Amino acid sequence: MASGTIFPVRKKAAPSPGRTAAREVIGKYGGRKRAVIQVLQDLQERFRWLSVETLEAVALELDVPLAHVYSVATFYKSFSLEPRGRHICTVCMGTACHVRGGTAVLEHFERRLGIPAGQTSPGGEVTLERVNCLGACALAPLAVVDGRYYGQMNESKANEVLKPILAGRDAPPASDKGPVD
Amino acid sequence: MKQYRTHLLVCAGTGCVSSGAFALKDALEKEIAGRGLKDEVLVVTTGCNGFCERGPILIVHPDNIFYQRLTPADVPYLVEEHLLKGRPVPKHMYVPSAGIEPVPRMSDIDFFKHQRLIVLRNRGRIDPEKVEEYIAYDGYEALAKALTAMTPEAVVAEVTASGLRGRGGAGFPTGRKWALCRREKASPKYIICNGDEGDPGAFMDRSVLEADPHAVIEGMVIGAKAIGAAKGFVYIRDEYPLAVARMGIAIGQAKERGLLGENILGSGFDFDLEIVRGAGAFVSGEETALIASIEGQRAFPRQRPPYPAQQGLWGKPTVINNVETWANVASIIRRGAAWFSSLGTETSKGTKIFSLVGKIKNTGLVEVPMGIRLRDIIFGIGGGIPGGREFKAIQIGGPSGGCIPKDLLDLPVDYESLTQAGAMMGSGGMIVMDQDTCMVDIALYFLRFTQEESCGKCAPCRIGTRQMAEILARITAGEGSLEDIKKLETLALTVKQGSLCGLGQTAPNPVLSTLRYFREEYLAHISEKRCPARVCKNLITFFIEPEKCVGCLLCLKNCPANAISGERKKVHVIDQAACIKCGACFNVCPAKIQAVAKYTGEEGRALLDERPAPAEP
């Protein structure tokens, strides 16, 4: 989170990719101010994170105070105000995962990737995230790597999944594509 | 419509999809085409069957044969045997436990046999992306009845008479909520479906949205007619992409068919529905916070009254119900209040869906009549505890709920009984725990959760949960004092009384219920520095039993800290100073050897004192 940053609002910002994208997305929601959360979600999907410029563009295009956009972007956990890695690893910390050893799985990911949960590797290669429940509790413990769900996670399975990422390649296909194509 | 002799129903819920449902479907279609069965056999993808752990699941209709854990490699043989020769294949069927005959028919499997489906009635039998299939199973019949043959008052009266109560947690009577909103003069009015299922360990709302989105839509249109709303919102967690996608498809199809939008079924009634995605904040499941989130604000709860039924979205009268509640409405209108209220107990009518997870053999979603005994759910449907372990407790109601011990296994499951026992119906998460689960660690887990998810508006919740989590962390680290238990109890009371919304008011429940039923575990951590379940890292020691170790090198290779020394066929030794207690050695040591043991308390400390000197480099 870009805590402590005071953003100068640039009224005459030249049309940036962020500004154009913001205009496009806001148009999709009919310019409604209440859609700010959806707008930020769509922009994050496109840019993988929300930069100061993106937040400014949303504020200007929606005609709401930047402070409001910032308050929303920092309140909700889905938003990342820092660049995220090319690969995203998410370890589920729901109760079912917890009682079946989810914490050990998360710690293993942390050791293998060399970063604590919530951080991105220095080269921007991979981000490790923890989530409070993905609602796939029957598969516990669960990890999601680049949108693919891997159930009944353990140390050796994690090694296999992470091997290509650590070697700078794409994750191997799971037995199937996850629910997110 | 074209007729097929056999339907192959491939489960495509999140669980089965991640274990390979689409690859299975492709393989089935290819094999069927290759065998020239294309005009006889149809492959259909359905919503979640609830038995996710067995995925990918295939059900063959009309024989009602249940196959589990199929891979594309199994397909050619299966198609040849079952579809060409008419011989079901036992090796892919469900086996209750080793040595028992496989159970071919789905309806004979214990997991399914004891269930009573109202909300999940269409699970595993219709394609949720096709409205025709929903309609074929009496879908939208209730809507037609409510719009053409009933007055709004009669709809409210029917729902009231059914005794339906909110399935999202608190259990407020749905009919009363509707009546309250109907009486309000202000307009416009709104309808909201709360699909922000944040309770860790609960996933019935995801499943309903994925498996039968039209049931939710139908309920909402009926509700809208009853209170006089023209606009509704379905708020779905961002973590449920498949549910968002299926609901989107369903809304589109309902509009095309005149079941949603303007002049619904020619009755002159207009109602529009919009999906709003959540953005990852547990507190948005609280109704006033959810309303703030739809308005584009931070999800802060506010004081009630006024209740949303009086002043909700944009200050207008709003009915907000949970996914499972909405999904009950159509059945009530179609089959009548008397039918619905014949199920369940005096105060809790109908059925409830529970997610049965954790240390249990049959993991998944189960819909059972209210009033069923916990024992019947855990042992009858769930098949008991795996690995010969012993049942210890069941956690019900998520972070707002509590842990119920073995002595209360005969407790009937209804709103009042659960609350009296210190738990809560909540959204219906049931996490089964065995002797290897530490109750103090579980309390800490939940308090860390609520502390992280507290929105920060009320100081007792924001600061109190943090203090409670810190005390619990101290106890699990073996640094607690008896004074800490008193402090926990005082803090719990403060947080309960001084918080505005349900999150804070119920946050201390996991601590209070574990203190009530498992106080001796707290005392063991504090007085004996012992973790009876051998979970809390600071209090346990991993040790390789020399007489059991066969020197297979497995643990040595898997130790991330390089703390294990030894040679092939020689006894391995853990360097206790280097050990990070990750448990990798314990997990990889083969089940028939079991040379790695966990010790706690004095036994564990004794091992530390006599530990061998680290091996020479």
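Just after α13(B), the backbone at B:Gly336 takes a positive phi of about 95 degrees. These features belong to a predicted model, for which the scores are ipTM 0.89 and pTM 0.92. Within this model, chain B has an average pLDDT of 94, and 99% of the residues reach a score of at least 70. Where pLDDT is low, the predicted coordinates should not be read in detail.

Chain B as a whole contains 25 helices and 17 strands, and 56% of its 617 residues count as buried. The C-alpha trace of chain B spans about 85 × 70 × 40 Å along its principal axes. When contacts in chain B between residues at least 6 apart in sequence are considered, 71% of them join residues that are at least 24 apart.

The chain is divided into five parts, namely domain 1 (6–113), domain 2 (131–341), domain 3 (351–434), domain 4 (439–527) and domain 5 (540–609) of chain B. For domain 3 and domain 4 of chain B, the centres, taken over C-alpha atoms, are separated by 22 Å. Between these two domains of chain B, 11 residues of domain 3 are in contact with 15 residues of domain 4. On the side of domain 3 of chain B that touches domain 4 of chain B, the elements giving two or more residues are the strands β11 (391–396) and β12 (402–405) of chain B, and β12(B) gives the most, with 3 residues. By residue class, this side of domain 3 of chain B is made up of 6 nonpolar and 5 polar residues, with no charged residue among them.

Note on methods. Residues numbered from 1 in each chain as written. Chains lettered and ligands numbered in written order. Predicted model: local features only at pLDDT ≥ 70, side-chain atom pairs only at ≥ 80, totals over all residues. Helix = DSSP H or I, 4+ residues; strand = E, 2+ residues; numbered from the N terminus. Buried ≥ 20, exposed ≤ 12 C-beta atoms within 10 Å, placed from the backbone. Contact = placed C-beta atoms within 7 Å. Domains from an automatic or database assignment. Nonpolar A, V, L, I, M, F, W, Y, C, P; charged D, E, K, R; others polar. pLDDT = per-residue confidence, 0-100.
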